[in-house]
Amino acid sequence: LWSLRRSANAGSEQGSDRGSCSDRGRGSDRGSGGVSPMEGKGAPRALRLFRESDDLTDVLVGLPRESRASTSRTSARVAVVSCAARPGPFDSALEPKVLQPLAGQPVLAHVLRQLHDGGVNKVVLVLGARGALIRSTLAEMGLSPQLEIRFVDLGATFANGFAASLLAARSEVGEADFLICTPDHLFDCSLVPRMRRALIDAAGGDGRPSVFDAVALVEEEPVDRHRRGIPDSMVRVAMQSEEHGGVAAVLHLGEGTMPEAGPAVRHGVEAGIYACTPAVFARLEELSLHLDHFALSEAMARLVEHGRLGGTSTRGRPWF
């Protein structure tokens, strides 16, 4: 929410950028040739509530069709979303956090909708505890038939955590580039398409060898981070100031001593979405051979050691 407030304060400075999230863009997704990715029961009420809430509206709406078309041929079209993380403080005995309501829809439904609106056409959804409840709830939501959802159920007793659960999606992803997303982060509508192209942009164009094995979305860190509500538990990132295609090399991610910020180094926090090549699965597998539980940031830190992790800034666009 601190990032939403920051975006609101930017106001006129981002006026032209917010045009991609206009009411005209929303309408184009629902006119002839467009399919609304959320047509089930309660959707009109949810959309109405978000339109009444200013900045939250822009987080969840889709891009105009013409914006999608520019990224549809070569960028990542698959996303892996895992609901098999260990229970947290917002999970209850009866209802996991991802099914708790937000503007009339489960949080997870909004996550799937924003991925579809951003050009993703296949989601590999990894399930663990309460997987049957998650699956049945989504079946009642009326999600777009154009969004293919592949369920991978690890069973109610799976307890190895979010990062380890991602390995179960390996066969579904195949050799394609893909996104790794958390099941509870929502993003401005411009960020998902940009992340889908991040590996291509870093390489300098379609068809070129990948410069990085993964690219992290990074919120550049304000000086008054504590007053803005950023918890110390968030994964910290240091990356070069120099960019290629909007992507910079990450110098440090996770725990340990950060390089000092300066003209050549920017600090930030990881924002919950990665663009990945299949090489990421190899790093996850390496850790799984030695550890029962590990964090995704540990796998990404291994990429940093070999200069294979990039970072791209949110550029002030809201997420929460």
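Of the 320 residues in the chain, 53% are buried in this predicted model. The chain holds 13 helices and 11 strands, and among its contacts with a separation of 6 or more, 79% are between residues 24 or more positions apart. Its accessible surface comes to about 14300 Å², and carbon and sulfur atoms account for 51% of that area.

**Nonpolar cores**

- The largest nonpolar core has 41 residues, and those with the most contacts inside it are Leu-108, Leu-115, Val-123, Ile-134, Leu-138 and Leu-179; helix 6, which spans residues 107-117, supplies the largest share of this core with 6 residues.
- A second, separate core is made up of 35 residues, including Val-80, Ala-164, Met-300 and Val-304.

**Strand 6 and its partners**

- Strand 6 covers residues 178-181, with Phe-178 and Ile-180 pointing one way and Leu-179 and Cys-181 the other way, and all of them are buried; in a regular strand, side chains alternate between the two faces of the sheet.
- Strand 1 (residues 78-82) runs parallel to strand 6 and is joined to it by 4 bridges, with Val-80 standing opposite Ile-180.
- Strand 10 runs antiparallel to strand 6, again through 4 bridges, and in this pairing Leu-179 stands opposite Ala-275.
- Leu-179, leaving aside its neighbours within four places in sequence, is in contact with residues that include Val-78, Ala-79 and Val-80 of the chain, as well as Leu-115, Val-120, Val-192, Met-195, Arg-196, Ile-273, Tyr-274 and Ala-275.

**Strands 4 and 5**

- Strand 4 (residues 122-127) and strand 5 (residues 148-153) run parallel and are joined by 6 bridges, and Val-126 stands opposite Val-152 within this pair.

**Gly-268 in strand 10**

- Gly-268 is found in strand 10, which spans residues 265-276, and it counts as buried because its relative accessibility is 0%.
- Not counting residues up to four places away in sequence, Gly-268 touches Val-218, Glu-219, Glu-220 and Glu-221, together with Val-235, Arg-236 and Val-237.
- The C-alpha atoms of Gly-268 and Leu-217 are separated by 9.7 Å, although these residues are 51 residues apart along the chain.

**Helix 13 and the residue that follows**

- Helix 13 spans residues 296-305 and contains Ser-297, which counts as buried because its relative accessibility of 19% falls under the 20% cut-off.
- Leaving aside neighbours within four places in sequence, Ser-297 is in contact with Val-235 and Leu-253; Val-235 is also among the residues that Gly-268 touches.
- The buried residues of helix 13 are Leu-296, Ser-297, Ala-299, Met-300, Leu-303 and Val-304, and because they cover an arc of only 160 degrees around the axis, they lie on the same side of helix 13.
- An α-helix has 3.6 residues a turn, so residues three or four places apart point the same way.
- Met-300 and Val-304, both listed among the buried residues of helix 13, are also included in the second core of 35 residues.
- Just after helix 13, Gly-307 takes a positive phi of about 70 degrees.

Note on methods:
Residues numbered from 1 in each chain as written. Predicted model: local features only at pLDDT ≥ 70, side-chain atom pairs only at ≥ 80, totals over all residues. Heavy atoms only, no water. Pairing = 2+ DSSP bridges. Helix = DSSP H or I, 4+ residues; strand = E, 2+ residues; numbered from the N terminus. Buried < 20%, exposed > 50% of the residue type's maximum accessible area, 1.4 Å probe, protein only. Contact = heavy atoms within 4.5 Å. Core = buried A, V, L, I, M, F, W, Y, C linked by side-chain atoms within 4.5 Å. Areas by Shrake-Rupley, 256 points an atom, 1.4 Å probe, with all protein chains shown as cover. Arc of directions from axis to C-beta.
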